[in-house]
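This report describes selected features of a single structure, taken one topic at a time.

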Amino acid sequence: PHTTAAATPEGILGAARAADAAGLRSVSATERVVWPVAPVLLAGGVEGTPPPHQVSLFDTLETLAAVAAVTERVELISAVVCVLFQSPVILARRAATLDRLSGGRFRFGVGQGWMAEEFAATHVPAKRKGAGFEEHIAAMRAMWQPDPVSFAVRFYEIPPSYLGPKPVRDGGVPIYAGTMTEAGAKRAIRFTDGWLPVVSAESRWDGLEEQLRFLGRLADDAGRARLPIHLRAHTVVTDRPLDGERIPASGSVEQIVEDLERLEALGVGDVCVNQTQRGVPFDEQLDAAVRIQEALT
């Protein structure tokens with residue numbers, strides 16, 4: 001519960017301890033750089049405002065570092081950090097620091113960013129997306145290699161240097177791609193370790209299944225093993241079963257368990273059932289997650 005004006009340090013750490021004790025797989029934190037007062041251009045070319053729960057939020061990596069200090073087992077996921085708004089040298093060190101402090105429990109969900117106002121606020125040209133995003137990831141991976149490290153491409157240069165700390169795992173912090181356009185997915189298959197697709201209020205099973213199969217085909221075409229998938233479901237958990245067509249991973253606990261089995265068959269490894277956008281208090285969200293977990297075991 002690191003978003004909205006109601007978020008508090010006590011609430012964040014209390015929820016983290018409870019999730020760890022309940023045996024949940026992971027906790028996550030999102031990112032929003034600025035919140036424009038005027039409507040912005042959203043996906044699909046329509047004007048609107050970003051989700052209201054993101055008006056105020058604690059910083060992603062600092063929040064997860066605090067959570068790491070009070071937990072022992074639960075994984076920590078950034079979902080997602082828009083990497084272009086920070087220097088790859090600084091961001092790679094922050095990610096490696098969090099990974100070391102958590103004992104290797106960090107999964108680094110990354111994205112390019114989409115809001116023009118955030119690019120303007122951070123003085124990063126929007127044309128940096130695409131090739132610049134790929135170079136940013138490559139620069140961070142270079143930093144995680146044994147010292148001395150160096151890196152030089154069009155947008156970023158690191159002179160031969162000693163740069164630490166290094167992540168726990170030899171391959172660096174696992175990077176999960178939050179870019180789900182066709183072009184972004186094709187690019188990400190070359191340099192990421194996993195996927196972070198999203199189920200929104202508009203999602204339907206046929207579209208989600210096609211998206212997941214598309215990711216699988218990309219991996220096959222590239223000669224790679226299927227990448228781990230962490231699915232973020234902005235959905236609803238109800239006391240009674242929902243009738244008719246449902247958003248994937250929504251409805252009663254029994255319906256969600258059935259959906260999780262269906263998602264597992266499509267290659268999804270874990271699911272974040274998130275009701276924050278619907279204004280559900282976090283203690284109720286945690287209770288729902290625990291009931292789903294218990295129904296699975």
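D287 and R291 both belong to helix 9, which covers residues 282–296, and they stand four residues apart, about one turn of the helix. In this predicted model, the two side chains form a salt bridge whose closest N and O atoms are 3.1 Å apart.

## Other salt bridges

The whole structure contains 18 salt bridges. One of them joins E134 and R187, with 3.5 Å between the closest N and O atoms.

R217 is partly exposed, its relative accessible area being 38%, and E210 counts as partly exposed at 40% relative accessibility. Elsewhere, salt bridges link R25, E75, R107 and D270 into a network.

## Aromatic pairs

The count of aromatic pairs comes to four. In one of these pairs, the ring centres of F85 and F119 are 4.9 Å apart and the planes make an angle of 80 degrees, so the arrangement is edge-to-face. The pair links distant parts of the chain: F85 is placed in the loop between strand 4 (75–82) and helix 3 (88–101), whereas F119 is in helix 4 (residues 116–121), 34 residues apart. Both F85 and F119 are buried.

F133 and F191 also form an edge-to-face aromatic pair, with 5.9 Å from centre to centre and 75 degrees between the planes. Here too the pair links distant parts of the chain, since F133 is in helix 5 (residues 131–143) and F191 is in the loop between helix 6 (182–188) and strand 9 (194–195), 58 residues apart. F133 is buried, and F191 is buried as well.

## Cis peptide bonds

A79 and V80 are joined by a cis peptide bond with omega of about -5 degrees. V80 is part of strand 4.

A cis peptide bond also joins D147 and P148, where omega is about -5 degrees. P148 is located in the loop between helix 5 and strand 6 (149–152).

## Positive phi angles

H123 is not a glycine, yet its phi is positive, at about 60 degrees. H123 is in the loop between helix 4 and helix 5. Is this residue, H123, buried or exposed? The cut-off for the exposed class is over 50%, and H123, at 72% relative accessibility, counts as exposed.

A249, a residue other than glycine, has a positive phi near 60 degrees. Its position is in the loop between strand 11 (230–234) and helix 8. A249 is buried, with a relative accessible area of 0%.

Y176 is in strand 8 (residues 175–177). With a relative accessibility of 7%, Y176 counts as buried. The C-alpha atoms of Y176 and I229 are separated by 8.3 Å, while the two residues are 53 residues apart along the chain.

## A negative surface patch

E254, E258, E261 and E264 form a negative surface patch. One of these residues, E264, lies in helix 8, which covers residues 253–265. E264 has a relative accessible area of 56% and is therefore exposed.

Conventions: Residues are numbered from 1 along each chain as its sequence is written. This is a predicted model: local features need pLDDT of at least 70, side-chain atom pairs count only at pLDDT 80 or more; totals for chains, interfaces and linings use all residues. Side-chain values use heavy atoms; hydrogens and water are left out. Patches are made of residues with over 30% relative accessible area and no salt bridge: like charges are joined within 9 Å, nonpolar side chains (Val, Leu, Ile, Met, Phe, Trp, Tyr) within 5 Å. Accessible areas come from the Shrake-Rupley method with a 1.4 Å probe; for residues, only the protein chains shown count as cover. A salt bridge is a side-chain nitrogen of Lys or Arg within 4 Å of a carboxyl oxygen of Asp or Glu. Lys and Arg count as positive and Asp and Glu as negative; His and the chain ends are not counted. The place of a charge is taken as NZ of Lys, CZ of Arg, CG of Asp or CD of Glu. Helices (H or I, at least four residues) and strands (E, at least two) are DSSP runs, numbered from the N terminus. Buried means under 20% relative accessible area, exposed over 50%, partly exposed in between (1.4 Å probe, protein chains only). Rings of Phe, Tyr and Trp (its six-membered ring) pair if their centres lie within 6.5 Å; planes under 30 degrees apart count as stacked, over 60 as edge-to-face and the rest as tilted.
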